[in-house]
Amino acid sequence: MKLKSYKIIKMSVLAYVESFKGKVKKNAFEIVSYSSELAKKLDTDLVTLVLNVNDTSELNKYGASKILKVTNPNLDSFDAKLFANVIAQAAKTTNSNHIVLSSSLNTKYMAPLLSIELDAGYLSNVVELPSSLSPFTIKRTSFTNKAFCDSTIDSEVKIIGLSSNAFGLLENNTEGLVEDFNPSLIEKKITINSTEKVSGKISIADADIVVSGGRGLKGPENWNIIEELAETLGAATACSKPVSDMGWRPHSEHVGQTGKPVAANLYIAIGISGAIQHLAGINSSKIKVVINNDPEAPFFKAADYGVVGDAFDVVPRLTKKLKAFKA
Amino acid sequence: MKILVCISHVPDTTSKINFTEGDTVFDSQGVQYVINPNDEFGLTRAMWFKEKQNATIDVINVGKSNTEPTLRKTLAIGADKAIRIDSEPIDGSFVAREIAEYIKSNNYDLIIAGRESIDYNGAMVPGLIAGLLQINFVTNCSKLEIDNNTATIEREIDGGKEILSCELPLIIGGQKGLVEESDLRIPNMRGIMQARQKPLEVIPSSNSSSKTKSIKFYKPVPREEVKLVSPDNLDQLIDLLYNEAKVL
């Protein structure tokens with residue numbers, strides 16, 4: 001491992017941002033916005049680590065003043081242990097005591113391994129900047145979004161896993177100094193036999209808007225109204241637990257306490273009554289709209305906007321109106 | 001094949017969440033405790049390995065004696081032996097270190113944990129154990145097959161899934177998909193009777209280090225009442241979403 005002309009004396013904040021096919025992922029901008037504010041609070045510098053990204057200039061807009069760039073085709077596919085080791089090398093080289101990570105599935109997979117490499121305390125699902133630096137106290141969600149918790153990290157090196165859409169974007173234009181970094185790569189122990197991505201569809205994790213259907217839709221054959229609304233909004237589709245249990249929709253669409261968490265800007269629930277486990281899973285979404293023909297559905301108590309009406313009547317008309325609105 | 005399933009003892013998914021002692025402690029009054037759902041999917045998959053591939057199943061929990069009914073339930077479902085490390089589970093780092101110490105002196109081929117507990121949601125215990133013991137680790141594991149010394153695993157990824165393979169020993173973070181909801185087992189009378197005779201070992205804590213502390217809890221601020229829009233006036237809904245909520 002050699003670092004050319006990269007000298008940092010001060011402690012730094014290290015932000016690790018993910019990339020896909022040569023570009024940083026969308027969540028990178030939130031991670032950099034947050035990390036840049038954290039660095040200000042700690043009166044230190046921010047170093048942003050990128051793996052196999054061609055153009056990093058977009059990150060500068062959110063305060064990425066120093067970029068540590070690794071280019072190595074062996075890092076094109078994700079391996080938790082290998083990535084944790086690379087990030088640990090970057091943290092040690094840059095003397096970083098605070099490492100900021102996203103809440104993507106890959107990053108949450110890798111974070112505990114990184115925590116062992118750096119003997120660091122790690123907190124996931126963080127939603128704010130630290131409220132105190134000594135002791136280092138930070139707010140996170142717990143009880144599957146039914147509560148928040150102030151937690152301290154008591155170790156010298158700290159890893160912060162930021163919840164998606166919890167902090168937002170903060171523009172902070174800066175010049176970006178880019179340095180190459182060549183970590184040594186450990187051997188992979190886990191083989192990827194195949195990868196299957198649903199193409200042409202937005203994943204629940206990446207979506208700003210999620211349109212979700214429940215038992216009220218009566219059967220899988222009626223999902224076209226959900227899909228058309230989602231397509232109009234550029235949204236991901238999701239479903240409630242009974243719907244995935246009955247096999248109407250794949251498990252990957254099940255959101256709720258034992259399914260996927262949703263932290264979208266807009267969550268539209270159609271024909272979902274709003275069981276406590278479902279609400280827990282979607283609670284981190286900013287705005288919730290519920291469409292249900294039962295005015296007593298518990299979801300109305302958890303929603304921002306509601307329409308009491310028949311989904312088969314309301315949803316197609318809403319889609320049509322949204323199409324006109326978008327045009 | 002020797003399997004260890006890590007069991008977290010958590011409030012039932014329907015529980016109302018409240019706090020006590022100045023919002024510093026979870027209020028367990030009137031709360032029903034269950035096997036953490038992600039752990040139960042793993043335990044049920046372990047039962048398949050026991051029945052089809054002659055595996056033995058130990059279960060382990062870090063907790064005080066109040067977690068024993070949950071451990072007895074795992075024995076009634078079919079685990080062979082339970083181990084309780086007698087300590088409050090301080091944080092994920094503490095729990096992982098305690099369990100890793102136990103594993104060091106009791107070799108296992110496969111360790112199954114849940115991808116996360118539904119109470120503290122740290123999502124770190126299996127990964128930390130893997131890091132401490134330097135063994136293979138896959139989380140968000142939605143399918144698992146073992147053939148001799150090789151595991152084939154389906155892992156959920158953002159927007160899809162991938163199929164992985166690796167050698168044992170292995171630790172996984174399990175979730176739904178390992179088995180279906182309908183495969184979960186309700187202990188029958190025979191299982192419950194047998195569970196009383198099965199060993200439940202209580203061992204002292206190895207006084208591992210913790211790295212974080214939960215110091216204060218909050219419940220979300222009660223939200224404003226829902227704004228109802230007439231189904232005959234969907235333009236108003238679009239207007240509210242665009243101008244008021246600013247999400248379109």
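# Strand pairing, interface and helix packing

N136(B) has L170(B) as its bridge partner in strand 12 of chain B. The structure is a predicted model in which local features need pLDDT of at least 70 and side-chain atom pairs count only at pLDDT 80 or more, while totals for chains, interfaces and linings use all residues. Residues are numbered from 1 along each chain as its sequence is written, and chains are lettered from A and ligands numbered from 1 in the order in which they are written.

## Exercise 1. The partners of strand 9 of chain B

Determine in which sense strand 9 of chain B pairs with strand 12 of chain B, and in which sense with strand 10 of chain B.

Solution.

1. Helices (H or I, at least four residues) and strands (E, at least two) are DSSP runs, numbered from the N terminus. Two strands pair if DSSP finds at least two bridges between them.
2. Strand 9 (residues 136-147) of chain B is parallel to strand 12 (residues 170-174) of chain B, with 4 bridges.
3. Strand 9 of chain B and strand 10 (residues 150-157) of chain B run antiparallel and are joined by 6 bridges. In strand 10 of chain B, E154(B) stands opposite K143(B).
4. The hairpin of strand 9 and strand 10 of chain B has 2 residues between the strands, and N148(B) takes a positive phi near 55° there.

## Exercise 2. A sheet with strands of both chains

Give the strand order of the open sheet and state which strands stand at its edges.

Solution.

1. The open sheet has 10 strands in the order 14(A)-11(B)-10(B)-9(B)-12(B)-8(B)-1(B)-6(B)-7(B)-13(B), and its pairing is mixed.
2. Strand 14 of chain A and strand 13 (200-204) of chain B are at the edges; each has a single partner strand, so one side of each is left without a neighbour in the sheet.
3. On average, and with direction ignored, neighbouring strands of this sheet are turned by 30° against each other.
4. Between the chains, strand 14 (residues 191-197) of chain A pairs with strand 11 of chain B in the antiparallel sense over 6 bridges. There, E196(A) has K161(B) as its bridge partner.
5. Within chain B, strand 1 (residues 2-6) and strand 8 (residues 110-114) pair in the parallel sense over 3 bridges, with I3(B) and L110(B) as bridge partners.

## Exercise 3. The contact between the chains

How many residues does each chain give to the contact, and which elements of chain B take part?

Solution.

1. Two residues are in contact if their C-beta atoms, placed from the backbone, lie within 7 Å. Chain A gives 69 residues and chain B gives 57 residues.
2. On the side of chain B, two or more residues come from each of helix 4 (125-133), strand 9, strand 10, strand 11 (160-167), strand 14, strand 15 and helix 6 (234-244).
3. This side of chain B divides by class into 28 nonpolar, 16 polar and 13 charged residues (Ala, Val, Leu, Ile, Met, Phe, Trp, Tyr, Cys and Pro count as nonpolar, Asp, Glu, Lys and Arg as charged, and the others, Gly among them, as polar).

## Exercise 4. Two helix pairs

Describe how helix 3 packs against helix 4 in chain A, and how helix 2 meets helix 5 in chain B.

Solution.

1. Axes are lines fitted to C-alpha atoms, for helices over the stretch in contact, and angles run from 0 to 180 degrees between N-to-C directions.
2. Helix 3 (residues 80-93) and helix 4 (residues 105-117) of chain A pack at an angle of about 50°, and their axes are 8 Å apart. These two helices of chain A are therefore oblique to each other (under 35 degrees counts as roughly parallel, over 145 as roughly antiparallel, 65 to 115 as roughly perpendicular and the rest as oblique).
3. The contact of helix 3 with helix 4 of chain A includes F83(A) and I87(A) on helix 3, and Y109(A) and L113(A) on helix 4. By class, this contact of helix 3 with helix 4 of chain A has 9 nonpolar, 1 polar and 2 charged residues.
4. In chain B, the axes of helix 2 (residues 68-77) and helix 5 (residues 189-197) come within 7 Å and cross at roughly 120°. Helix 2 and helix 5 of chain B are therefore oblique to each other.
5. R72(B), L75(B), A76(B) and I77(B) of helix 2 meet G191(B), I192(B) and A195(B) of helix 5 in chain B.

## Exercise 5. Backbone exceptions

Locate F143(A) and A123(B), and decide whether F143(A) is buried or exposed.

Solution.

1. Most residues other than glycine have a negative phi, and most peptide bonds are trans.
2. F143(A) is not a glycine, yet has a positive phi of about 50°; F143(A) is in the loop between strand 10 and strand 11 (147-153) of chain A. F143(A) is buried, with 23 other C-beta atoms within 10 Å (20 or more other C-beta atoms within 10 Å of its own make a residue buried, 12 or fewer exposed, and numbers in between partly exposed, with C-beta atoms placed from the backbone).
3. A123(B) has a positive phi near 55° and is in the loop between strand 8 and helix 4 of chain B.
4. Cis peptide bonds join S134(A) to P135(A), with omega about -5°, and L168(B) to P169(B), with omega about -5°.
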